[in-house]
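Student: Can you walk me through this protein, step by step? I'd like to learn how to read it.

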Amino acid sequence: MASQSRSSNSLVVPQASAALDQMKYEVAQELGIQIPQDGYYGNMATRDAGALGGYITRRLVQIAEQQLSSSFSK
């Protein structure tokens, strides 16, 4: 079951999947959270999973804000 994704979320840009995975590992390393190698997050503490998701969201918002501000400053 670890290889199957039960998420109903779908990426608007499927090519972004690799970049999002890379970001997940970078943020986890910054927070000192170990990502399960088998892909099963069931044994991960809820607090760690929430922190990971929160920081990823924060970083995505920062990236979007930077892109918007640079497009309006031209």
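**The core and its surroundings**

Tutor: Let's start in the middle of this predicted model. The largest nonpolar core has eight residues: Met23, Val27, Ala28, Ile33, Ile35, Met44, Leu52 and Ile56. H1 and H2 each supply at least two residues of this core.

Student: Okay, and which helix gives the most to this core?

Tutor: Look at the core members again: Met23, Val27 and Ala28 are among them. H1 runs over 17-31, and with three residues the top contributor to the core is H1.

Student: How many helices and how many strands does the protein have?

Tutor: You can trace H1 at 17-31, then a loop, then H2 at 46-72. The secondary structure comes to two helices and zero strands.

Student: Where on H1 do its buried residues lie?

Tutor: The buried ones are Met23, Lys24, Val27 and Ala28. Looking down the axis of H1, they fall within an arc of 130°, so they line one face of the helix. Ala18, Gln29 and Glu30 are exposed on the other side of H1. The cover over the buried residues includes H2.

Student: Is methionine 44 buried or exposed?

Tutor: Methionine 44 sits in the loop between H1 and H2. Buried means under 20% relative accessible area. Methionine 44 has 13% relative accessibility, so it counts as buried.

Student: What does methionine 44 contact, leaving aside its neighbours within four places in sequence?

Tutor: Isoleucine 33 is eleven residues away along the chain, and its C-alpha atom is 9.2 Å from that of methionine 44. Isoleucine 35 also touches Met44, as well as residues including Tyr25 and Leu52. The list for methionine 44 is Ile33, Gln34, Ile35, Pro36 and Ala49.

Student: Last one: what share of the protein's residues is buried?

Tutor: The protein exposes about 6,200 Å², and carbon and sulfur atoms supply 52% of that. Of the 74 residues, the buried share is 12%.

Technical notes:
Residues numbered from 1 in each chain as written. Predicted model: local features only at pLDDT ≥ 70, side-chain atom pairs only at ≥ 80, totals over all residues. Heavy atoms only, no water. Helix = DSSP H or I, 4+ residues; strand = E, 2+ residues; numbered from the N terminus. Buried < 20%, exposed > 50% of the residue type's maximum accessible area, 1.4 Å probe, protein only. Contact = heavy atoms within 4.5 Å. Areas by Shrake-Rupley, 256 points an atom, 1.4 Å probe, with all protein chains shown as cover. Core = buried A, V, L, I, M, F, W, Y, C linked by side-chain atoms within 4.5 Å. Arc of directions from axis to C-beta.
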